[in-house]
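Good morning, and thank you for making time on the agenda. I would like to walk you through one structure.

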Amino acid sequence: MLLKKILVCCSMLLVNFCFAQINIIPQPVKVTQPSENGSFSITSKTVILANANTIKSAEFLNKYLKEFYGFSLKVNKSVKKNNAILIKDINAPGKIAGAYDMEVSSRGIEIKGHDAEGAFYGMQTLLQLLPTEKAKSLSVPYVSIHDEPRFEYRGLHLDVCRHFYPVEFIKKYIDFIALHKMNYFHWHLTDDQGWRIEIKKYPRLTEIGGYRNGTIIGNYPGKGNDGIRKGGFYTQEQVKEVVKYAADRYVTIIPEIEMPGHASAAIAAYPQLSCFPNESTKAPKNCPWYGDTTGKQVQQTWGVFEDVFCPSEYTFKFLEGVLDEVIPLFPAEYVHIGGDECPKEFWKRSAFCQQLIREKGLKDEHGLQSYFVTRMEKYINSKGKQIIGWDEILEGGLAPNATVMSWRGEKGGIEAAKQKHDVIMTPNSYCYFDYSQSKSEDSVVIGGFVPLQKVYSYDPLPSELKADETKYIWGAQANLWTEYMNNTKKVEYMLFPRLSALSEVLWSPKSARDWQGFLNRQKVQTQRYNLWKVNYSKALEEITTKK
Ligand code: TNX
């Protein structure tokens with residue numbers, strides 16, 4: 001018995017000693033280390049073999065090698081060669097989109113995607129087998145991997161309204177998504193504090209709605225106002241550039257145009273959109289304001305505001321005009337129309353709204369919200385697109401084809417799935433990356449507590465759903481609301497390392513979930529963050545150094 005134990009220990013030691021540790025996040029479905037031990041070295045002499053479908057993967061790999069190791073490789077058409085990284089798609093019918101196999105051996109590196117997207121993810125896995133420090137020769141351990149994603153929708157959101165970030169950072173953010181084998185970027189483009197997308201028909205949206213005169217200092221309601229005019233927007237040319245950049249990385253962008261709430265910036269630009277165009281914008285109580293307080297203003301603090309879109313023909317025509325320009329910019333099948341946090345006070349006060357409720361035979365203001373969303377859905381459907389809305393769109397009756405994004409916990413998502421509607425899970429209790437990740441957080445954050453382990457523990461398939469209802473759960477997403485992120489380093493800090501945990505929740509089989517194993521792999525991933533020079537939270541050290 002003792003002898004057996006000693007033998008087992010020795011062989012384990014030997015395995016650990018001889019075999020390089022494979023640290024991949026998200027954990028692949030199957031990793032096999034061959035009995036032939038060793039590694040293949042990528043040097044400037046190595047060639048990438050790619051075909052027309054996988055050329056984007058070759059280009060990404062080269063850009064990455066150049067940026068972090070200082071050299072790039074020749075790319076050839078796929079003919080068998082030694083010292084090569086072969087990246088191909090084998091077009092296997094009936095396989096899951098994004099699946100791939102890869103093998104590293106003395107013969108070289110072979111990545112076979114079942115489709116072009118799979119080849120791209122195989123290449124992402126290769127990046128994680130590379131050393132985390134700059135070197136001229138990059139040794140990659142012999143290994144074979146089979147892999148495929150668990151969920152089809154693997155998303156990350158960014159709010160560019162509360163704070164605006166330049167195109168260069170948006171591209172970087174899309175790289176972060178791709179590096180984690182995720183595939184959707186939800187771009188939150190309009191809100192009370194800024195309208196961020198150029199609409200040629202309505203130039204005031206960005207001229208007026210794209211800027212605010214000041215921003216509160218510290219947590220809501222603010223202990224002062226910085227009095228700095230802040231803002232910015234993306235031109236349609238820039239949007240096209242970003243969409244292409246994302247598509248080259250197999251990332252689909254879903255634009256969000258908020259309605260009927262969170263509309264202060266649009267109303268500041270076109271007051272007729274309000275039920276009470278002549279009423280000045282109200283700043284919340286105790287909120288320090290800077291500059292003009294008369295007329296309609298872009299908001300300077302956070303929260304939920306009563307002045308929302310009036311459900312008038314003027315507003316519908318206006319929003320249709322906006323969508324006529326937004327829809328052609330984004331190839332995605334979906335447009336997010338918001339639908340969250342729409343107070344009903346203005347609609348209650350408005351004779352026009354009350355008359356409309358009677359005329360349309362609606363029950364109340366919730367019915368009116370449902371009428372608003374359903375009418376916009378009809379328009380968007382007529383353009384060949386589907387809508388996504390926050391879970392408030394359930395109130396007063398769901399629009400017929402809507403996909404629901406469940407943010408106030410999982411309740412809304414469960415209800416929508418039971419009503420046979422597609423669902424994207426983004427429960428704030430697991431997926432809100434604007435919430436604090438450390439008990440000893442010393443920067444200003446919105447509140448809440450979503451530490452790394454909480455994210456890692458998430459399962460997007462709620463136990464309340466029956467087997468045939470879980471098929472409506474399309475996937476999940478983390479949201480980055482940026483009230484308290486006035487620079488890109490703060491965005492990175494809130495994102496990392498929680499993005500790693502989320503990627504594993506979305507990609508890896510549930511049976512592979514292993515917190516301790518994840519922490520071990522994350523140590524290496526942290527070294528990679530250093531290589532990338534991204535900012536990340538050190539809260540993980542609180543967990544791993546605590547005994
Ligand atoms: C709720 S989530 C919001 C956002 C805020 C966020 C802060 C959602 C649909 N609406 O407007 O930024 O909370 O955590």
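I shall begin with confidence, then turn to the ligand, and then to several individual elements and residues.

This is a predicted model, in which local features need pLDDT of at least 70, side-chain atom pairs count only at pLDDT 80 or more, and totals for chains, interfaces and linings use all residues. Residues are numbered from 1 along each chain as its sequence is written, and side-chain values use heavy atoms, with hydrogens and water left out.

On confidence, pLDDT is the predictor's confidence in each residue, from 0 to 100. The protein chain averages 94, and 95% of its residues score at least 70. Helices (H or I, at least four residues) and strands (E, at least two) are DSSP runs, numbered from the N terminus. Confidence is lowest in helix H1, residues 2–18, with a mean of 51, and highest in strand E11, residues 184–188, at 99. Where pLDDT is low, the predicted coordinates should not be read in detail.

Let me turn to the ligand. Which residues surround the ligand? They are Arg-162, His-262, Asp-340, Glu-341, Trp-390, Trp-407, Tyr-432, Asp-434, Tyr-435, Ile-446, Trp-481 and Glu-483, where a residue is included if one of its heavy atoms lies within 4 Å of the molecule. By class, this shell has six nonpolar, one polar and five charged residues; here Ala, Val, Leu, Ile, Met, Phe, Trp, Tyr, Cys and Pro count as nonpolar, Asp, Glu, Lys and Arg as charged, and the others, Gly among them, as polar.

Some distances may be of interest. A polar side-chain atom of Arg-162 lies 2.8 Å from a ligand oxygen atom, and one of Asp-434 lies 2.7 Å from a ligand oxygen atom. On its own the ligand has 360 Å² of accessible area, and the protein covers 93% of it; such areas come from the Shrake-Rupley method with a 1.4 Å probe, and for residues only the protein chains shown count as cover.

Glu-341 deserves a separate word. A polar side-chain atom of Glu-341 lies 3.3 Å from a ligand nitrogen atom. Glu-341 sits in the loop between strand E17 (334–338) and helix H9 (345–349), and its phi is near 40°, a positive value in a residue other than glycine. With a relative accessible area of 27%, Glu-341 is partly exposed; buried means under 20%, exposed over 50%, and partly exposed in between, with a 1.4 Å probe and protein chains only.

Next, helix H16. Why is this helix described as largely enclosed by the rest of the structure? Six of its eight residues, 488–495, are buried, so the description follows from that count. The buried residues are Lys-490, Val-491, Glu-492, Tyr-493, Met-494 and Leu-495. Their cover includes strand E10 (153–159), helix H4 (167–179) and helix H17 (498–507). At the N-terminal end, Asn-487 caps H16, with a side-chain oxygen 3.1 Å from the backbone nitrogen of Lys-489. In the loop between H16 and H17 we find Pro-497, joined to Phe-496 by a cis peptide bond with omega of about 5°.

Strand E10 also holds Leu-158, which is buried at 0% relative accessibility. Leu-158 touches, among others, Phe-169, His-186 and Val-491, contact meaning heavy atoms within 4.5 Å.

Gln-477, in strand E21 (residues 473–478), is likewise buried, at 0% relative accessibility. Its side chain makes polar contacts with the side chains of Tyr-153, at 2.7 Å, and His-186, at 3.0 Å. A polar contact is a pair of N or O atoms within 3.5 Å; within protein, one must be able to donate a hydrogen and the other to accept it, and residues adjacent in sequence count only if both atoms are side-chain atoms.

Finally, Tyr-456 lies in helix H14, residues 452–456, and is buried at 3% relative accessibility. A polar atom of the Tyr-456 side chain lies 3.0 Å from the backbone nitrogen of Asp-514. Tyr-456 and Val-505 are 49 residues apart along the chain, yet their C-alpha atoms are separated by 6.4 Å.

Thank you; I welcome your questions.

Key: Lists of a residue's contacts leave out its neighbours within four places in sequence.
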